[in-house]
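Let's take a walk through this structure together. Have the sequence and the coordinates open, and we will go from one region to the next.

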Amino acid sequence: MAKSDLKIDIRTSPYIRKAPSVAQIMRNVVYALLPLAAYSVYQFGISALALLLVTTLSCMATEHFFCWMSDKKSTILDASAAVSGLLLAMTLPPGFPLWMGAVAGFTAIAMGKTLFGGLGFNVFNPALVGRAFVQAAFPVSITTWTPALAVDRFVEFIPSTLALPFMKPAATADWTAQVAIDGFSGATPLALMKFQGIMTDSYDLFIGNVTGSAGETSSLLILVCGLYLVYKKMLDWRIPAAVIFGTVISAELFYFLDPNKYPSPTFMVFSGGLMFAAVFMASDMVASPVTPLGIFVFGVLVGFLTVIIRLFGGLTEAVMYAILFGNAATPIIETYTQPRIYGARKKAKEKS
Amino acid sequence: MNLLNLFSTKTFPHGIHPDEYKAETNAKPTRRLPFAPEIIVHLAQNIGKPAKAIVFKGQLVTRGDVIAEADGFMSVPIHAPVTGIIKEIDIAPNPKGGKEPAIIITTSLDSGQQVPASDRYYDYQQMSRAELIKAVQDIGMVGLGGAAFPTHVKMNIPADRTIHTLLINGCECEPFLTTDHRVMLENIDNLLLGIRIAMKCVAAPKAIIGIEDNKLDVLETIKPHLPSDGTITIEAVETKYPQGAEKMLAYSLLDIEIPSGGLPSDVGLAVFNVATLAEIGALLPKGQGLIERIITITGDDLEKPGNYLAPIGTPLRYLLDFAGFQGVEAELILGGPMMGMPARSLDVPITKGTGAVLVLDKRATKNDEILPCIKCTQCLQACPINLNPSELGLLAAKRQYDVMEEKYHLNDCFECGCCSYVCPSNIPLVQYFRIAKVLNRERHLQNG
C-alpha cells in the first residue's frame, strides 16, 4: 500500500509554469543598460559615472525608505528601482550637479512610483517623472551640455557636477571653452537644429559621436542593447517600432512640405533622446498599453507628439513630455482598443 | 484553403509551448491493471445529472451489469467495473474534492472477471440515428478527453443544424499525457468503427482526425487503414498547447471559429475525442458498458510509469502502488498539468473522466510569491481566445466580477492556464477567473 502518511500538496491548475520572474526581467534590463552606462562613462568620464551612481542609489534608497515606512518587505531586490535610477541618469546632462540628481531620483520613486502604490501601479514612467521634476526645478542645469571626450574626463569632474546642495552650480562655459576641441558650443544636435538651423551628420548621430545626455548619444549601441532584451523576450519590440514609425511619418510629412525649413526623418529619429526613449522609456511595461492595437496607437502618438513639440514647442528635448502624455493617455487608449476575441459575434447581429 | 497552408503547419494564433514530458510513457504498450480489492464507483461521473443506484447492499454483481441507471437525458448509466459484492452505498471522496454518493464494491477474488455476453447486439448500419444515440447512452459513454460530458447529448444535433465535418480530436496537447497516442496506435479498427458510428449519429459526410505533429507515427500507422473514398482523413497540426481545445482545433484544421458562447454545431462541426470514439467502436456493437478506461500514470518518483487500462473506480492508492510510487511528499493531479484537478487523498478513485494520474514532487511545483501585474503583455500573447487576462486579473483583484463578464468576455475563458503559465508575477489568473465565474453564477441565480 502506498504510504498513508504521504503528504499531499494541493493547488489548482496549472501546475507547471515557465516564466522569468519580475526580478529576472528587471535585472536583465539593468544588464542591457550597463553597456550604455559604460559608453557614457567613456564619453563623459567620472562625472557621468558619479551621476549614474548617485541617481541609482537615490532611487534604491527612496524605494527602501518608503517600504520601511509602510512596514512592507523591501522591494529593492526586484531591481526595478535600479532600472529607474539608471534610466534617469542617462537622460540627464553628464555635468548635472549630483545633488540635483539625488533630488531627481527621490522624486522619481516617491512621486512617480510609491505614491501610486509601487511597482505595477505607477501611471507614468518613474524615471521620466523625476526628470520632468528637475526640468522644471533646475531649467538651466538640465540644459547645460558639456563636450564629450574631454581629455581629462577620467580624472577631473565637470565643474558643475560637484555643486553643493541648494547652491548654484559653477558655470561651465569657461571650462567648456577650455576643453572643447574645434569651436564646441555646448549645444546638442537638436539645439543646433532648432536655434541655429545647423544639421548634424546622420552618421555621427547614429554612432554617438555627438554631445547630449549621458546615455542617449549612440543610437547604434541603444539598438544593440534593445535587441538583447527583445531576444530575451523582456522588451516588447512593438513599442519602439511604433514610436519610431510615428516619428518617421510625422517628420516625413513636414519634411515633404518644406525640406529647407524642417529636418529630415533620419535626423529626427537619431537625434536627441528619441532612440533611447523609444527603446527603454516608452517601453516601460507598466505605463504603456497592453492591447496590440493600443501599443501601436500609443507608439505613434508618442512619435507624433515628439515631432510636434520639437518643431513647434519651446523646448529642444520633447520625447520626455510626449511619453508622459502617452502614459497619461494609456487607460483611455486601452479602453478603445480591446482585442477582438476568438469567435466574437458582431454586435449588430445580436441585436437584430 | 489558402496558399499559405502549403508552406506552414496548420495552427492557431497564440498559445504556449510547454515541455512535453511524453517520452516516459508514449512508447510503452498499454497494460491491464489488476483489480483493486475495493472499487469505488461514483454516481456523479458525468456532467449533467448523476446516475441512480439500482443495487442494494450485499448484492452480488457481475462485471458489466448495470448498477446505476440514467436519470433523464442528461445522464448515463453506470456498469459494474468488477464482479463482486456491494459493500455499501455511501458517500466517498471524489476527484472534485468533496464527498459524494458512491457504490462501493468488494471485488470477488475467487470468481473470474469475464464480462458475460450481452443479450444486446447492435448493428449500427441497421439502426436509425435515434436508436444509435440511445445505444450510446445505454453503454454509459461520456467524453473521455476529460470533460466527461455525456456523448449521446453531444450527438443529438438539433434539427435545424447540419453537420458538415466530424472532427476527431487526437491532439493530446497536455504535457505528460499519452493515452490518446496509445489508443490511436493500438486501437485503430475500433477507432475507425467508432468514427463511422459517430458520423452516422451526427449525419456528417466527412471526418478529419486531427493530431499534433509530435505524433507522426500515428499518421503513418493510420493512413493505410483509412477508406479510399476520402471520407475519413487524418491531418497533423502544430504541437502547441492548447491545440486540443475544440475551438483551437476547428480553427487550425478548417479555419472556422466556433462563435462565442456557441456550440460547434453552430458552424456545422461535431468534435469528439479519439478515446471516446475508440471505446464506442469497441463497446457499442457488443452492447457492453463502459467499465474501464486507459489512463496515463506518470510523473516523479514512479518505478513503472506508463499507460494502464484501469477499471473505473480504482482508488489512487492502488494505482500508485502498482506503478511503484516511492515519494513521501507530492502533488497528485488527475488529468494533465495544465488543466487537471488536484486529488485530496489516496482514497479518491478514478472516474470515467480521469485521463491521467500525474505525480509531481515538491521541487517541480515550487510556489513563488505573487507580485503585482507589471503589464508585460505576455498573457495577452498567450491567450488562445485573445482575451485580456491582465485586465481581467486587475478587475478580479478589485472584485469587479460583473465588469469582467460584461466587458472583458470572462465567460469565453475555458481555463486552459496559458496566462498563468507565462505570468512573471506568478499571478494565479485562472484561479481568479474560476472564482469570478462561480460568484457571477451565484449572483445571476439570486437575481433570478
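A friendly place to begin is B:Gly140, which follows helix α1 of chain B and has a positive phi, near 70°. Keep in mind as you look that this is a predicted model.

## A parallel sheet in chain B

Helix α7(B), residues 274–283, also leads us to a sheet, on which it packs by touching β9 and β12 of chain B. The sheet itself is open and has four strands of chain B, in the order β11-β10-β9-β12, with parallel pairing. Its edges are β11 (232–237) and β12 (269–273) of chain B, each of which pairs on one side only. On average, neighbouring strands here are turned by 25° against each other, direction ignored. The direction of α7(B) makes about 80° with that of β12(B).

Inside the sheet, β9 (residues 165–170) and β10 (residues 206–212) of chain B run parallel and are joined by six bridges. To find your place in this pair, look for B:Asn169, which stands opposite B:Gly210 in β10(B).

## An antiparallel pair

Elsewhere in chain B, strand β2 (residues 38–42) is mostly covered, with four of its five residues buried. Which way do β2(B) and its partner β8(B) run, parallel or antiparallel? They run antiparallel, and five bridges join β2(B) to β8(B), residues 99–107. B:Glu38 has B:Thr106 as its bridge partner in β8(B).

## Two domains of chain B

The domain assignment divides chain B into domain 1, made of 9–33 + 121–366, and domain 2, which covers 378–446. Their centres, taken over C-alpha atoms, are separated by 27 Å.

Where the two domains of chain B touch, domain 1 brings 13 residues and domain 2 brings 15 residues. The domain 1 side of this contact has nine nonpolar and four polar residues, and no charged residues.

## Where the chains meet

Between the chains, 37 residues of chain A and 55 residues of chain B take part in the contact. On the chain B side, at least two residues each come from α8 (316–322), β15 (329–334), α9 (378–382), α12 (418–422) and α13 (429–446). The largest share, five residues, belongs to β15(B). Sorted by class, the chain B side has 30 nonpolar, 14 polar and 11 charged residues.

## Confidence in chain A

How far does the predictor's confidence reach in chain A? The average pLDDT is 85, and 87% of the residues score at least 70. Helix α4(A), residues 98–112, has the highest confidence in the chain at 94, while helix α15(A), residues 347–351, has the lowest, with a mean of 45.

Residues 348–352 of chain A are a stretch to read with this in mind: pLDDT stays under 50 there, and the model has one contact beyond four places in sequence for them.

Definitions and conventions:
Residues are numbered from 1 along each chain as its sequence is written. Chains are lettered from A and ligands numbered from 1 in the order in which they are written. This is a predicted model: local features need pLDDT of at least 70, side-chain atom pairs count only at pLDDT 80 or more; totals for chains, interfaces and linings use all residues. Two residues are in contact if their C-beta atoms, placed from the backbone, lie within 7 Å. Ala, Val, Leu, Ile, Met, Phe, Trp, Tyr, Cys and Pro count as nonpolar, Asp, Glu, Lys and Arg as charged, and the others, Gly among them, as polar. pLDDT is the predictor's confidence in each residue, from 0 to 100. Two strands pair if DSSP finds at least two bridges between them. Axes are lines fitted to C-alpha atoms, for helices over the stretch in contact, and angles run from 0 to 180 degrees between N-to-C directions. A residue is buried if 20 or more other C-beta atoms lie within 10 Å of its own, exposed if 12 or fewer, and partly exposed in between; C-beta atoms are placed from the backbone. Domain bounds come from an automatic or database domain assignment.
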